[in-house]
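Thanks for coming, everyone. Let me put the model on the screen and talk you through it.

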Amino acid sequence: MYSPYAALFRDKYWGGVPISLFAVGAFAFFAAFALYLVVCGPLAPRRATKFFGVVSFSPLLASALMFTISAIELGQFCKTCVGIYAASVLLTIGGIGVLVEGNRKGPVVLSADKPEDRDVHVATGKPEVAIPQGALWFVPIWLVALGIFAITPALLYVSALPNYSNYISDCGKLQKPGVDNPVLLHVKPAGATQPATLFVDPLCPTCKAFHKRLEVEKVFDKLDMTLVLFPLDSECNWMLDKPFHPGSCLVSKAILCADRRAMDVLEWAYDNQDKLLEGAKAAAGLVNVRAMLREKWSHLDACIDAKETKVRLDKMMHYIVDNKLPVSTPQLFLGDTRLCDEDSDIGLAFTLRKLAPNLRQP
Amino acid sequence: MKYAGIMGIIAGCAFLGGSAFKVHAEVRASAERLKTGVVLAEKPAVAIANHAEASYCTPKFKEVLARVIHACGLDGGDSRRGCQPADVKTLASINDDDFNNLFTPLKDRGGVVMFDDASEKLDDDGKRMIEDLWLDRKGARYFFILARASKTGGADFNRSLSHKRANSAFFHIGDKFKEPDLDKQVGLLWLGNEFAQLGQDYCKWNVSRKNKPCTAEAINRSAFVSWVDCQL
């Protein structure tokens with residue numbers, strides 16, 4: 001699961017600083033403060049209980065924000081996140097309980113430091129316990145402490161991070177750049193300046209996720225892209241003895257035929273990837289894929305069957321062979337430098353900034 | 001209450017210290033794995049894109065193929081284009097039948113382009129066959145043109161004719177498709193009438209003149225063309 005919201009300073013540090021680290025520190029503070037309140041018992045200062053009650057809402061607010069992002073932007077929830085949401089709810093419930101309990105004890109009568117002033121409770125015969133108000137200057141101290149607790153794990157995390165700069169450009173070079181190769185697809189949005197070569201399989205889920213990541217990072221439209229189709233389907237790919245993504249050759253041909261609208265067909269394939277794969281794996285197999293293509297892109301029908309299209313796809317894969325690339329997708333080259341597989345996920349923002357600083361400028 | 005405060009501070013320090021220590025240790029450990037290459041060692045090996053390797057690529061076939069490639073200038077180390085019959089005898093080191101049998105697995109992959117007697121001119125069917133076969137490359141690395149001449153006429157004449165037939169096929173590909181690096185893809189072999197003549201059985205192969213009589217003489221006025229799906 002990839003979320004650009006899961007970490008801060010992703011441009012500066014590989015993977016960024018996980019937001020959950022701030023939660024770790026904050027929960028450590030709340031645990032310690034809760035222990036303090038428990039040990040104090042009924043004599044816990046009013047300011048302490050109020051402080052705890054009020055600030056206990058802060059993790060819930062942060063969780064609510066992250067929950068909303070997960071639901072609306074990402075459409076899925078990570079296990080750690082759900083754990084933090086649950087802990088935040090429990091903490092808030094505890095905070096409300098502390099607030100309610102504190103209010104129930106009525107107004108402060110006297111200072112607890114003066115036992116001689118204690119009154120005797122009429123009903124029980126026991127001396128009425130005076131609840132201390134607590135000094136006001138404790139509140140900013142607790143807030144500062146909460147801040148220190150929250151940022152300490154993150155600071156230590158940053159201090160321990162290795163220098164990734166040495167590794168990110170060490171995953172290979174494109175031996176034969178295809179900028180002028182007419183067989184390959186060239187997509188250059190207005191204003192795109194960064195040369196890039198992207199090898200994708202239209203029915204590969206990882207390619208789809210990577211495509212989304214590039215869009216989320218707002219770099220896709222800045223790439224002067226050479227697009228190379230690399231279907232992992234033995235129907236047209238001689239490097240495989242079985243199809244990993246059946247139907248991919250057919251969809252790749254449709255993308256080639258679309259020419260200037262190649263990216264539209266590719267994005268359509270990504271959007272309908274599950275259906276296309278399901279159709280290809282069903283009894284009717286490629287007939288289903290063909291029907292879906294025909295329904296959406298009927299004008300490409302003749303071109304898909306044309307010998308020239310097959311030849312072009314063959315040549316595309318020979319280009320891959322000439323470059324001695326791994327049989328895997330996706331692969332992105334910024335200029336001629338290959339983006340490491342490990343850097344195509346949480347390390348993407350950092351790596352993009354290092355390998356192609358132009359991409360990170362607004 | 002004082003004790004409560006002290007306990008809270010101690011507990012807070014303990015919780016914070018514990019979590020911070022854990023975070024620091026995890027990151028340092030990952031840094032160490034990165035530095036020592038443990039991460040790389042754990043990565044599964046990924047195949048590298050390569051040309052097709054068909055089942056007919058036997059060691060003997062590849063041996064001949066490799067010799068042809070090295071001797072005939074396809075590996076880029078020699079500007080000479082093609083092999084002469086004398087070269088073939090030396091480089092193949094096998095008799096006629098064994099040589100021809102090497103190409104039997106290519107029966108369905110390739111085709112026999114036939115020529116008129118004493119002519120190197122391609123007819124329309126021959127051109128179409130060469131074009132169709134050229135476009136049906138798939139994952140092949142090398143395209144072979146193996147030209148022959150019949151026993152009609154003198155040895156020198158036939159050797160020269162065979163050479164011209166190979167060139168006709170080669171030039172047609174160049175003219176039609178205008179591809180760069182053609183020299184590095186196409187291997188030419190021209191055999192005179194003294195080596196590896198084809199029997200009439202080869203008339204049953206994919207020949208360019210399907211509706212014309214095919215004799216033992218006619219089948220040797222030809223050029224066998226095929227992609228070869230072997231890695232070297």
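Along its sequence, chain B reads α-α-α-α-α-β-α-β-α-β-α-β. That comes to eight helices and four strands. Helices here are DSSP runs of H or I with at least four residues, strands are runs of E with at least two, and both are numbered from the N terminus.

A word on the source. This is a predicted model, so local features need pLDDT of at least 70, side-chain atom pairs count only at pLDDT 80 or more, and totals for chains, interfaces and linings use all residues. Residues are numbered from 1 along each chain as its sequence is written, while chains are lettered from A and ligands numbered from 1 in the order in which they are written.

Staying with chain B: 36% of its 232 residues count as buried. Buried means 20 or more other C-beta atoms within 10 Å of the residue's own, exposed means 12 or fewer, and partly exposed is in between, with C-beta atoms placed from the backbone. Contacts mean C-beta atoms, again placed from the backbone, within 7 Å. Among chain B contacts between residues at least 6 apart in sequence, 79% join residues at least 24 apart.

Now strand β4 of chain B, residues 222–228. How many of its residues are buried? Seven of seven. Ser222(B), Phe224(B), Ser226(B) and Val228(B) are buried on one side. Ala223(B), Val225(B) and Trp227(B) are buried on the other. In general, side chains in a regular strand alternate between the two faces of the sheet.

What pairs with β4(B)? Strands pair if DSSP finds at least two bridges between them. β1(B), residues 111–114, runs antiparallel to β4(B), with four bridges. There, Val113(B) stands opposite Ala223(B). β2(B), residues 142–147, is also antiparallel to β4(B), with six bridges. Ile145(B) has Val225(B) as its bridge partner.

On to chain A. Its mean pLDDT, the predictor's confidence in each residue from 0 to 100, is 88, and 91% of its residues reach 70 or more. One caution: over residues 108–118 of chain A the pLDDT is below 50. That stretch still has 18 contacts in the model beyond near neighbours in sequence.

The domain assignment, automatic or from a database, gives chain A domain 1 (7–117 + 129–160) and domain 2 (185–339).

Next, the interface. Chain A gives 34 residues to the contact and chain B gives 30. On the chain A side, α1 (19–40), α5 (138–160) and α12 (307–322) each supply at least two residues. The largest share, 12 residues, is from α1(A).

Then the cores. A nonpolar core is a set of buried Ala, Val, Leu, Ile, Met, Phe, Trp, Tyr and Cys residues joined through C-beta atoms within 7 Å. The largest has 59 residues, and Leu198(A) and Val251(A) are among those touching the most other members. α7(A) gives the most to this core, seven residues. A second, separate core of 42 residues includes Trp134(B) and Phe170(B).

Leu198(A) also contacts Pro330(A). A cis peptide bond joins Thr329(A) and Pro330(A), with omega about -5°. Pro330(A) lies in the loop between α12 and β6 (331–334) of chain A.

Phe9(A) is not a glycine, yet its phi is positive, about 55°. With 13 C-beta neighbours inside 10 Å, Phe9(A) counts as partly exposed. Asp259(A) also has a positive phi, near 55°. Asp259(A) has 12 such neighbours inside 10 Å, so it counts as exposed.

Note on methods. Contact = placed C-beta atoms within 7 Å. Lists of a residue's contacts leave out its neighbours within four places in sequence.
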